[in-house]
4 protein chains.
Amino acid sequence: MTKNIVILGASGYTGAELVRLLATHGGMTIVALSADRKAGQAMGDVFPHLRHLDLPVLQKIETIDFAGVDLVFCALPHATSQAVIKTLPASVKVVDLSADFRLRDMAEYEKWYGKGHDATDLQAEAVYGLTEFYREDIAAARLVAGTGCNAATGQYALRPLIEAGVIDLDQIIIDLKTGVSGAGRSLKENLLHAELSEGAHAYAVGGTHRHLAEFDQEFSAIAGRPVTVQFTPHLLPANRGIIATVYVHGDAQQIYDTLQAAYVDEAFVETLPMGQHPSTRHVRGSNFCHIGVVADRIEGRAIVIAALDNLTKGSSGQALQNANLMLGLPETQGLMMAPVFP
Amino acid sequence: MTKNIVILGASGYTGAELVRLLATHGGMTIVALSADRKAGQAMGDVFPHLRHLDLPVLQKIETIDFAGVDLVFCALPHATSQAVIKTLPASVKVVDLSADFRLRDMAEYEKWYGKGHDATDLQAEAVYGLTEFYREDIAAARLVAGTGCNAATGQYALRPLIEAGVIDLDQIIIDLKTGVSGAGRSLKENLLHAELSEGAHAYAVGGTHRHLAEFDQEFSAIAGRPVTVQFTPHLLPANRGIIATVYVHGDAQQIYDTLQAAYVDEAFVETLPMGQHPSTRHVRGSNFCHIGVVADRIEGRAIVIAALDNLTKGSSGQALQNANLMLGLPETQGLMMAPVFP
Amino acid sequence: MTKNIVILGASGYTGAELVRLLATHGGMTIVALSADRKAGQAMGDVFPHLRHLDLPVLQKIETIDFAGVDLVFCALPHATSQAVIKTLPASVKVVDLSADFRLRDMAEYEKWYGKGHDATDLQAEAVYGLTEFYREDIAAARLVAGTGCNAATGQYALRPLIEAGVIDLDQIIIDLKTGVSGAGRSLKENLLHAELSEGAHAYAVGGTHRHLAEFDQEFSAIAGRPVTVQFTPHLLPANRGIIATVYVHGDAQQIYDTLQAAYVDEAFVETLPMGQHPSTRHVRGSNFCHIGVVADRIEGRAIVIAALDNLTKGSSGQALQNANLMLGLPETQGLMMAPVFP
Amino acid sequence: MTKNIVILGASGYTGAELVRLLATHGGMTIVALSADRKAGQAMGDVFPHLRHLDLPVLQKIETIDFAGVDLVFCALPHATSQAVIKTLPASVKVVDLSADFRLRDMAEYEKWYGKGHDATDLQAEAVYGLTEFYREDIAAARLVAGTGCNAATGQYALRPLIEAGVIDLDQIIIDLKTGVSGAGRSLKENLLHAELSEGAHAYAVGGTHRHLAEFDQEFSAIAGRPVTVQFTPHLLPANRGIIATVYVHGDAQQIYDTLQAAYVDEAFVETLPMGQHPSTRHVRGSNFCHIGVVADRIEGRAIVIAALDNLTKGSSGQALQNANLMLGLPETQGLMMAPVFP
């Protein structure tokens with residue numbers, strides 16, 4: 001018997017990506033899809049690439065019957081997400097893809113997101129959804145908070161290194177390049193094709209990107225002391241893909257060995273041979289994260305590069321991986337599709 | 001027990017696409033991969049997006065043991081393909097992705113491909129691989145000839161209409177736009193990113209594209225008289241996707257009804273509601289073909305638009321669909337993945 | 001002494017393109033720039049690529065002093081354009097880039113643009129701005145109506161042929177592919193990078209695109225009888241460039257000779273050698289239009305292909321070419337920059 | 001009277017870019033164009049975007065008569081360049097766009113370029129071509145060595161800071177992203193559209209890119225001590241444009257003031273207002289370099305971002321700027337065209 005699934009916020013890119021993944025999952029059935037402004041429309045009209053699927057019509061959240069539902073994917077904007085999730089029946093498991101339950105310190109939430117949190121009790125039980133590092137907690141959780149896509153990429157490169165104490169915690173720079181789908185389907189001038197194609201630019205320069213809150217929280221917790229990284233994201237003329245070029249002080253071989261050991265048993269995180277490094281094209285459309293390590297010509301410095309697909313491993317694929325764990329299904333179910341290249 | 005599969009010419013894009021599709025097929029095991037110049041290399045080095053798979057090392061064709069092999073996908077260039085296939089054991093089924101066995105008239109082959117055919121007896125038994133129209137013959141065949149990707153797209157738009165006699169056979173124009181991956185991984189100046197991106201151009205203008213040989217053969221056979229279409233392909237700054245805009249004389253509603261009826265039971269060919277028309281983005285990475293019909297403002301004329309992914313439905317997906325039939329597996333096995341959008 | 005120029009609607013792409021062209025023109029000085037919602041901002045903030053120029057701050061139209069102004073470029077939306085232009089002093093020459101003054105028949109305007117015209121007396125004196133064909137009228141005009149960018153491309157391919165009577169007037173099909181900048185800087189979901197890149201689709205299929213009104217008007221006037229063409233535009237994942245593939249019935253050599261003769265003395269329209277055909281990349285950023293002719297394999301049919309940059313020759317470059325004529329300057333002044341490739 | 005110009009290596013992208021710029025320069029006449037393999041072809045056949053120009057037919061170098069020639073642009077590959085330049089008459093001034101004369105230390109040349117230098121006497125007189133910093137020497141030089149495009153970008157961000165002593169010389173990281181045209185028109189698998197579009201990757205990671213030789217030479221000379229930077233280039237799916245994100249330790253305001261003061265009188269280097277930062281799109285097709293400074297959230301650290309067009313300011317535009325100086329023409333002649341956006 002398959003599990004009954006609801007996707008809230010199905011008219012955005014992460015919602016559509018969830019539907020794409022569930023289409024061949026085999027163990028989950030979508031019983032309701034919500035979209036506020038597009039309620040009443042067929043999913044295949046909003047996303048014609050899904051038109052071959054037999055899907056529920058989009059509806060408003062308040063009309064959904066959650067009886068018998070096993071798990072809800074919540075792909076709503078932050079703030080909205082917490083307001084909705086606190087109204088869901090306690091019997092329903094939740095994977096939230098917004099930023100609402102990522103931060104354990106409510107003061108940090110308010111600092112980065114500009115308003116207080118309205119569901120602090122739920123926050124207290126939420127588990128941070130970086131699967132490979134919170135696997136057991138996730139399997140036991142009722143509410144899992146999906147990570148930021150940039151935050152996930154940087155953490156795959158750095159967590160084992162901080163844990164192992166093999167890099168200088170005060171000299172970490174994450175120069176990240178991301179495709180545009182991470183910004184969602186929102187109508188902003190800077191997301192127009194004519195504005196974005198054929199070039200590149202940085203944004204949120206100087207330490208203002210909200211995913212820094214996750215880096216701060218997670219890296220400091222691992223290190224047992226405050227860790228403050230530099231982080232500059234750039235927008236690429238591509239739809240999917242994040243590549244993080246991480247500059248660290250430490251011994252390259254030791255760094256490589258640490259990462260290789262950390263991920264050797266992981267299905268989705270691939271450590272490339274020493275000296276090789278990844279491309280976003282080679283993880284596109286998949287749940288894989290590729291990581292490479294190169295020694296710099298300056299003794300004692302190394303470059304760690306991680307790449308993943310922001311919509312899959314960075315968001316909806318991660319969410320499904322977590323849902324599999326929460327529902328007692330094999331962790332990799334529905335997620336082993338190979339990347340789409342070229 | 002899974003079927004044993006060999007892919008010849010695995011270092012090209014169609015070869016890699018076959019591996020991508022087989023990665024989650026479940027009923028086929030790749031027992032050998034050939035690549036002439038890259039023999040000895042790991043497939044994951046040639047195509048890093050496939051590095052998570054446990055695949056045979058690339059080898060030369062002559063070193064492959066075909067004992068116990070159920071089916072060979074032959075993704076070699078034309079001419080090479082016929083030379084290789086005629087050396088394969090008769091017990092092995094073959095899906096050829098080259099142009100070598102598409103044409104039944106050897107004079108036509110010589111006219112379009114510039115040299116005589118060296119395996120005319122094999123040609124005599126080959127079945128044209130447009131699955132939806134040759135399904136029974138394909139299921140019984142030993143050798144199936146994959147269609148040209150442009151030829152497939154145009155035929156999905158036109159075959160039922162010619163069969164039903166609802167369009168003027170002397171007034172057919174196919175204006176087609178294709179992504180660049182159809183040209184393969186060959187080193188040509190006009191395939192460089194700097195030459196191809198940010199614009200569009202036509203090629204093989206005036207009726208010189210080799211896929212016209214397939215249109216001529218198939219349309220004339222259906223009509224029982226010579227049918228000569230106009231066909232202009234254009235190269236797009238995109239990797240995957242073909243869209244054919246087909247201008248016909250006929251009643252739009254009748255045309256729509258004919259197509260709708262022809263494909264109503266097909267798993268992979270979707271007729272959009274009357275007046276709607278497809279985008280390559282909505283079939284990308286999938287085995288689906290979307291077809292739309294719009295009436296022109298000029299009475300008695302209509303536009304039929306068909307879109308598919310040249311590497312999947314136009315080539316490797318079609319090949320796998322045919323292989324499923326030839327091996328007695330469900331036709332859709334391994335092919336129901338949803339398109340990747342955005 | 002340079003001419004005093006005002007640009008209304010300077011915050012759109014055609015406005016910015018005018019500023020780009022005027023930057024090195026030498027004979028015109030921009031004395032005012034208008035932008036309604038962005039009034040008060042520096043042009044270099046709205047368009048950072050123009051930040052090196054010493055330009056007037058953006059202001060509301062009503063605050064502009066038109067005394068001493070020689071010519072106004074009006075890059076406002078249609079309907080707004082007519083309302084504004086009728087308030088301008090009679091002493092000021094106007095080049096309008098909107099659709100408002102292109103159509104001589106007010107019933108046609110209402111049919112295609114959905115509302116009546118409010119400046120019919122101005123319309124009566126407006127000259128259609130396809131420079132090469134209305135050169136003398138334009139030089140003498142007070143008000144010139146810039147053409148549609150698609151309409152310009154199709155007309156360069158067809159006008160001489162209709163004029164010369166060398167093609168069948170009832171068998172004209174224009175299959176056109178355009179970059180996205182023609183749609184302007186407006187916030188629409190279908191103009192987002194994630195929606196538009198990596199694929200292609202048709203729009204306004206079946207004879208509903210407004211530029212058809214221009215084809216109808218102009219072609220019928222030349223022929224002296226109604227001419228109704230088929231026209232299907234497609235959107236490309238590129239910013240600049242239009243390529244029109246035009247299918248005609250007629251003798252290819254005669255068609256070639258006719259076009260070659262028509263444009264032999266034109267500075268901006270280049271007829272390629274017989275059998276060659278253009279690419280949008282090779283006119284990008286320039287005021288050139290390239291035209292090619294290829295005979296089809298079907299006797300008596302030919303393909304004419306025209307390419308230009310929609311923002312330059314299709315819009316702002318055309319506007320400047322016309323302004324040069326209206327102000328008694330050399331027609332090519334400021335417009336001879338070579339295309340930007342790659 | 002205009003100056004007589006020869007371009008050697010005109011069939012590559014930098015050669016074509018020189019022709020584009022000279023088309024509207026006014027003070028230079030191209031009297032010969034060389035291309036070895038394409039000798040005998042018209043430039044307009046090799047680069048159709050230049051077909052409107054009246055240009056000499058491509059010829060082999062040995063057939064060029066250098067009598068009366070004022071200046072040669074040499075756009076040949078390194079090694080070839082030195083062999084050719086040493087055969088040119090001493091009366092001819094030379095701007096070399098290759099790497100051959102950039103390095104003053106012949107051991108460094110051999111280390112980075114893998115072979116000894118065959119024109120060491122010419123090297124001794126060559127002036128490094130970063131115009132804004134070698135202006136007087138360039139004006140007096142017979143031979144000017146064009147800089148690497150990446151090397152130019154990094155130097156615009158860093159030279160004034162090193163000169164002023166406002167940053168820590170041991171903590172400089174240059175994370176650079178470049179478009180693909182910098183790699184030239186060479187046939188390499190990794191430059192194909194299908195390989196490059198839709199993603200990003202790093203290359204020459206760890207301090208192996210040859211432009212590091214220029215950073216080492218120039219920064220060490222300015223500082224009067226060895227300066228060793230970290231430098232990681234990335235390849236973008238765009239044709240033109242380089243953006244360098246430079247991480248430095250120092251006071252952001254002091255850094256900003258230093259850069260602002262250094263470039264305040266420069267025609268082509270624009271310092272954006274404090275806190276703003278550039279995009280490659282806004283310099284595309286132009287000779288401008290935009291620079292921005294942002295303070296990091298970590299006290300004492302700043303990010304300096306510089307962007308330019310690799311083919312123009314990074315190569316052929318720089319070459320023309322230098323040639324203007326060498327020939328006694330205004331430095332900005334032919335170079336003030338505005339960027340092409342969108």
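How much area do chain A and chain D bury between them? Good morning. The answer is about 4,200 Å², 50% of it on carbon and sulfur atoms; buried area here is the accessible area (1.4 Å probe) that two parts lose on being put together, summed over both.

Before going on, a word on conventions. This is a predicted model, in which local features need pLDDT of at least 70 and side-chain atom pairs count only at pLDDT 80 or more, while totals for chains, interfaces and linings use all residues. Residues are numbered from 1 along each chain as its sequence is written, chains are lettered from A and ligands numbered from 1 in the order in which they are written, and side-chain values use heavy atoms, with hydrogens and water left out.

Let us begin with chains A and D. Chain A brings 52 residues to this contact and chain D brings 52 residues, where contact means heavy atoms within 4.5 Å. In chain A, the residues that lose the most area to chain D are Q230(A), R281(A) and R297(A), together 19% of what that side buries.

The interface of chain A and chain D holds 6 salt bridges; a salt bridge is a side-chain nitrogen of Lys or Arg within 4 Å of a carboxyl oxygen of Asp or Glu. D175(A) and K177(D) form a salt bridge through their side chains, at 2.9 Å from N to O. The side of chain A that touches chain D consists of 25 nonpolar, 15 polar and 12 charged residues. In this division Ala, Val, Leu, Ile, Met, Phe, Trp, Tyr, Cys and Pro are nonpolar, Asp, Glu, Lys and Arg are charged, and the others, Gly among them, are polar.

I turn now to chains C and D. Between them they bury about 2,800 Å², 63% of it on carbon and sulfur atoms. Of the area that chain C buries against chain D, R51(C), H52(C) and P342(C) supply 24%, more than any other three residues. The contact involves 31 residues from chain C and 32 residues from chain D. There are 2 salt bridges across this interface. E270(C) makes a salt bridge with R51(D), with the closest N and O atoms 2.6 Å apart.

How are these two copies related? Chain C can be laid on chain D with an RMSD of 0.0 Å by a turn of 180° and a shift of 0.0 Å along the axis, the superposition being by least squares on the C-alpha atoms of residues with pLDDT of at least 70 in both. The two copies are therefore related as by a two-fold rotation axis. Both use the same surface, since 100% of the contact residues of chain C recur in chain D.

Finally, consider one residue, H234(C). It lies in strand β10 (residues 230-235) of chain C; strands (E, at least two residues) and helices (H or I, at least four) are DSSP runs, numbered from the N terminus. Is H234(C) buried or exposed? H234(C) counts as buried because its relative accessibility is 1%; buried means under 20% relative accessible area, exposed over 50%, and partly exposed in between (1.4 Å probe, protein chains only).

The side chain of H234(C) makes a polar contact of 3.1 Å with that of K177(B) and another of 2.7 Å with that of T245(B). A polar contact is a pair of N or O atoms within 3.5 Å; within protein, one must be able to donate a hydrogen and the other to accept it, and residues adjacent in sequence count only if both atoms are side-chain atoms. Thank you.
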